[in-house]
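Below is a set of questions and answers for someone meeting this structure for the first time. Each answer works towards the value or name that was asked for.

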Amino acid sequence: MSAAGWETVIGLEIHAQLATASKIFSGSATAYGASPNSQANLVDLAYPGVLPVLNQEAVRMAVKFGLAVDATVAPRSVFARKNYFYPDLPKGYQISQYELPVVAKGHLDIVLDDGTKKRIGITRAHLEEDAGKSLHEGLPKQSGIDLNRAGTPLVEIVSEPDMRSAKEAVAYLKKVHTLVRYLEICDGNMQEGSFRCDANVSVRRVGAEKFGTRAEIKNINSFRFVEKAINYEVARQIDLLESGGKVVQETRLYDPDKGETRSMRSKEEANDYRYFPDPDLLPVELDAAFIEAVRKTLPELPDQKAARFVATLGLSEYDAGVLTSSKELAAYYEEVARLVGQPKLAANWVAGSLAAALNEHNLEITESRIDAKRFAGLLGRIVDNTISGKIAKDVFEAMWAEGKDADAIIESRGLKQITDTGAIEKAIDEVMAKNPGQLADYRSGKDKLFGFFVGQVMKATGGKANPAQLNELLKKKLAG
Amino acid sequence: MHTSTLAELARKLRAKEFSVTELTKTLLKRIETSQPKLNAFISVTGEQALERAAAADAAFAAGKAGPLTGLPLAHKDIFCTRGVKTSCGSRMLDNFVSPYDATVVEKLEAAGMVTLGKTNMDEFAMGSSNETSWYGPVRNPWDPKLVPGGSSGGSAAAVAARVAPVATATDTGGSIRQPASLCGVTGIKPTYGRVSRYGMIAFASSLDQGGLISQTAEDAALVLQAMAGFDPRDSTSVDTPVPNYVAGLDAPLAGLKIGLIKEFFDKGLDASVEKCIREALVVYEKLGAKLVEVKLPALPLSVPTYYVVAPAECSSNLARFDGVRYGHRAKDPKDLMDLYKRSRGEGFGAEVKRRIMTGTYVLSAGYYDAYYLKAQRVRQLINQDFKRAFGEVDVLMGPTAPDVAFEIGAKASDPIQMYLNDIYTIGANLAGVPAMSIPCGFVRELPVGLQICGPHFGESKLLNVAHAYQKETDWHRRMPAAYEPEVLS
């Protein structure tokens with residue numbers, strides 16, 4: 001999208017809602033979708049005299065993230081108050097971490113289109129509480145406040161301005177999304193707002209050292225919108241600069257219906273948050289033993305898993321990347337590969353047809369209509385030559401639609417591969433007899449017609465001829 | 001019976017000289033008759049008190065009474081009390097009925113004490129004279145023209161006038177000790193973290209500490225025993241065992257090293273008050289204590305430091321009072337901003353607004369380092385001063401306030417003069433150390449308070465030192481003539 005001569009600079013601030021059972025500073029439940037204010041106690045409502053008590057589980061989860069991105073976990077971090085008035089912020093301040101975050105200086109690697117790796121710096125990750133929600137619909141001349149979400153723990157992950165295109169930003173966002181789900185610290189549900197991001201976008205002349213003035217696009221909650229919002233914003237800024245204008249530092253909102261960003265508030269209108277350490281909470285002090293104990297709970301991380309798939313299963317980096325994009329998909333793949341005994345075949349199929357079907361129906365691997373065992377059953381029939389890969393695609397589709405085993409479908413539709421040499425030879429003879437012209441041409445040097453004969457024989461056998469046998473026999477017969 | 005100390009009442013109840021119900025009725029009557037001239041109470045909870053008194057009588061009858069069962073008290077209206085208005089002395093919370101009990105209230109009720117009502121106070125505990133209360137000033141029982149001190153003026157006046165034997169109070173910069181001094185009663189501000197702040201409406205979180213006002217150190221020991229202790233609902237409360245305060249009361253003082261804070265005996269101190277303090281020190285010398293002069297060089301900076309830290313925290317703590325969920329809400333707001341501005345503008349009084357504005361200013365971008373951060377650094381120095389002093393001496397002594405009670409209105413228009421009334425008390429809050437004020441004489445027929453300050457978690461020693469003095473003197477038994485039983489029934 002970026003016009004010639006311009007370079008895009010992007011940094012992301014990702015808010016991941018931590019999957020704790022209760023809120024970060026109160027005992028209220030965090031479950032999504034409860035009736036308004038049914039999950040808000042006196043602490044969440046900021047009643048006079050109440051005090052926050054830190055949920056240790058939220059700290060543990062943030063530390064887990066820090067270790068997974070190879071960051072420094074602070075031995076001492078401090079909660080601060082971010083002061084501003086808004087009805088969905090009952091205390092009149094948000095408890096966050098400001099000068100001393102729990103996690104600092106980490107990084108993640110993303111894979112670019114050309115297959116090369118790029119390292120994205122993570123400046124910091126800090127703990128904070130979410131705000132509630134204001135509801136405006138169906139309430140004439142009034143606003144409703146739902147404080148169920150108020151006090152839900154968040155980890156805000158701030159990247160360095162290391163991304164140079166919307167695609168890179170999406171790749172990084174997906175990588176973080178994958179990681180928090182591997183770590184089981186966030187459910188990653190973007191529709192429910194459990195995982196959302198703000199994008200800081202600026203442009204500068206190629207070769208320029210100084211960053212351009214940035215705009216911050218707030219609260220984008222889908223991968224698609226992130227890409228669209230950034231591309232729109234980049235084009236807007238370039239147009240502005242090329243026509244002699246200036247980019248102003250401001251906060252913008254992305255409107256997915258119109259596909260555009262628009263100004264929310266300028267720097268001048270921005271709040272002075274008057275941060276200061278929260279005197280109601282003690283500094284969070286973490287000793288080495290705690291950090292090491294958390295490290296022991298780290299699962300095999302996506303990059304480690306992908307590397308193992310390449311090294312020990314012989315997969316391509318691309319397939320390994322796709323198959324490790326979620327913990328559940330990787331587990332599904334590993335199960336299929338183990339049952340079939342052919343990791344590459346399993347990879348082709350899981351990353352290919354299955355992934356396509358899931359994508360088409362907008363399903364997660366855990367919602368797949370074909371479980372790993374059945375899927376392995378299908379691939380097993382390719383391995384033992386009962387069906388060809390091509391037929392297998394049809395069988396797969398039938399399995400997906402009907403929910404039956406591969407064997408049942410092969411049996412009922414008579415899709416079993418023809419491996420009887422005599423039967424294949426008979427079909428070849430018939431095709432040759434029907435197409436004397438093509439045969440003469442082939443024999444006079446038109447090698448390309450080989451494909452025509454393969455197609456005709458396959459057609460005659462209903463696609464069931466074993467492709468390898470067919471090739472061999474056909475070559476012999478055509479040669480005369 | 002109402003001139004009795006809490007300890008005496010406990011003995012008399014046990015000896016069945018009267019019942020808890022009789023005691024409660026007598027005190028409720030005294031509160032009622034004293035209220036027009038004293039204005040010490042914001043709410044009186046007679047009905048609940050009599051119910052609890054009946055339960056306490058039943059406990060006595062069943063032989064299940066504990067050391068505090070049936071003993072009456074009043075709570076400063078800063079402590080949340082379930083089902084009872086908790087106003088914090090402000091119009092903002094005039095309509096607020098708390099749905100829960102503060103930890104302190106819960107603990108004292110669990111110990112069997114009977115709550116008589118909620119005492120008047122400076123609005124949100126911001127004041128040194130009780131004049132900032134939405135409910136009007138409390139009068140000093142010794143002279144109705146004078147202030148009782150603040151912010152716990154209602155609690156101090158109630159105990160001084162013997163309408164309640166003991167009252168809870170809070171101290172952010174002297175709000176227990178200064179009114180105790182001005183009313184001639186005993187007040188203790190425990191170590192920061194000793195008593196839970198849960199349910200105590202926050203003014204300045206890093207300085208606020210709950211405590212109490214009583215006639216004697218012995219009574220303070222009895223009640224503090226039940227109030228103190230770790231509370232998982234308050235992250236700043238400290239998980240360290242609570243010693244037996246009563247058992248430590250009679251330890252001998254021989255060899256006690258008393259540090260006299262040089263900076264306190266300065267030109268700001270009234271000469272007659274100083275004389276009173278010096279006489280009290282002589283009593284201690286007779287008890288075998290040794291007097292040493294100590295220097296706390298950073299201490300004179302405590303007032304400016306406090307008036308940065310406390311307003312900063314208050315500006316944020318009071319942001320929750322926005323008219324949205326509870327408390328005062330402006331009528332017919334035009335929009336959100338109008339709702340905020342008018343609810344807060346109408347709900348808060350002048351002193352609260354002054355502090356919110358000061359606090360907002362010192363935390364603002366560009367000023368934070370020069371004010372808030374610098375104040376925090378000075379606070380560290382003051383802390384170190386106290387630490388060093390307690391390396392040399394057991395307790396520190398000096399005046400609680402620079403002078404005796406002043407006239408209502410005398411300092412109301414001059415905040416700086418008002419703030420200087422806390423010049424000797426603020427240091428203990430900034431350092432988080434415990435401190436007491438005990439009556440030690442009279443100047444111009446008005447009580448003077450001696451301040452005793454100890455190291456962190458040194459409450460036992462403080463109570464011991466105060467009790468030893470009260471065994472030798474009777475200043476703490478003096479009561480204002482206007483409230484003698486024959487005058488006020």
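A crossing of two helices is left-handed if the near helix is turned anticlockwise from the far one by less than a right angle, and right-handed if clockwise. The model discussed here is predicted.

Q: What is the handedness of the crossing in which α2(B) passes α3(B)?
A: Helix α2 (residues 20-38) of chain B and helix α3 (residues 46-61) of chain B have axes that come within 8 Å. The crossing of α2(B) and α3(B) is right-handed.

Q: How are α2(B) and α3(B) oriented to each other?
A: Their axes cross at roughly 160°. Angles over 145 degrees count as roughly antiparallel. The two helices, α2(B) and α3(B), are therefore roughly antiparallel.

Q: How many residues of the contact of α2(B) with α3(B) are nonpolar?
A: From α2(B) come Val20(B), Thr21(B), Thr24(B) and Leu28(B), while the residues from α3(B) include Leu50(B), Ala53(B) and Asp57(B). Of the residues in this contact, one is charged, three are polar, and the nonpolar ones number seven.

Q: Where on α1(B) do its buried residues lie?
A: In helix α1 (residues 6-14) of chain B, Leu6(B), Leu9(B), Ala10(B) and Leu13(B) are buried. Viewed down the axis of α1(B), these buried residues fall within an arc of 100°, so they line one face of the helix. In general, an α-helix has 3.6 residues a turn, so residues three or four places apart point the same way. The place asked for is one face of the helix.

Q: Which strands of chain B do the buried residues of α1(B) pack against?
A: The buried residues in question are Leu6(B), Leu9(B), Ala10(B) and Leu13(B). They pack against the helices α2, α3 and α7 (217-227) of chain B, and against the strands β4 (166-171) and β6 (209-214).

Q: Which residues of α11(A) are exposed on the other side of the helix?
A: Helix α11 (residues 406-413) of chain A has Ala406(A), Ile409(A) and Ile410(A) as its buried residues. These fall within an arc of 100° seen down the axis, so they line one face of α11(A). Their cover includes α9 and α10 of chain A. On the other side of α11(A), the exposed residues are Glu411(A) and Ser412(A).

Q: How are α9(A) and α10(A) oriented to each other?
A: The axes of helix α9 (residues 372-383) and helix α10 (residues 389-402) of chain A come within 10 Å and cross at roughly 160°. Residues that meet here include Leu378(A) and Ile382(A) in α9(A), and Val395(A) and Phe396(A) in α10(A). An angle over 145 degrees counts as roughly antiparallel. That makes α9(A) and α10(A) roughly antiparallel.

Q: Is Thr324(A) buried or exposed?
A: Thr324(A) is found in the loop between α6 (317-323) and α7 (327-340) of chain A. Among the residues it touches are Pro302(A), Phe309(A) and Ala330(A). Since 20 or more C-beta neighbours within 10 Å are needed to count as buried, and Thr324(A) has 24 inside 10 Å, Thr324(A) is buried.

Q: What distance separates the C-alpha atoms of Val43(A) and Gly151(A)?
A: Val43(A) is in the loop between β1 (6-17) and α1 (56-68) of chain A. With 22 C-beta neighbours inside 10 Å, Val43(A) counts as buried. Val43(A) and Gly151(A) are 108 residues apart along the chain, and their C-alpha atoms are separated by 8.9 Å.

Q: What is the phi of Asp332(B), which is not a glycine?
A: Asp332(B) is in the loop between α9 and α10 of chain B, and with 7 C-beta neighbours inside 10 Å, Asp332(B) counts as exposed. Most residues other than glycine have a negative phi. The phi of Asp332(B) is positive, about 45°.

Q: Which helix gives the most to the side of chain B that touches chain A?
A: In the contact between the chains, 36 residues of chain B meet 23 residues of chain A. Helices α9 (302-317), α10 (336-347) and α11 (350-363) of chain B each supply at least two residues of that side. With three residues, the helix that gives the most is α9(B).

Technical notes: Residues are numbered from 1 along each chain as its sequence is written. Chains are lettered from A and ligands numbered from 1 in the order in which they are written. This is a predicted model: local features need pLDDT of at least 70, side-chain atom pairs count only at pLDDT 80 or more; totals for chains, interfaces and linings use all residues. Two residues are in contact if their C-beta atoms, placed from the backbone, lie within 7 Å. Helices (H or I, at least four residues) and strands (E, at least two) are DSSP runs, numbered from the N terminus. Axes are lines fitted to C-alpha atoms, for helices over the stretch in contact, and angles run from 0 to 180 degrees between N-to-C directions. Angles under 35 degrees count as roughly parallel, over 145 as roughly antiparallel, 65 to 115 as roughly perpendicular and the rest as oblique. A residue is buried if 20 or more other C-beta atoms lie within 10 Å of its own, exposed if 12 or fewer, and partly exposed in between; C-beta atoms are placed from the backbone. The arc is that of the directions from the helix axis to the C-beta atoms. Ala, Val, Leu, Ile, Met, Phe, Trp, Tyr, Cys and Pro count as nonpolar, Asp, Glu, Lys and Arg as charged, and the others, Gly among them, as polar.
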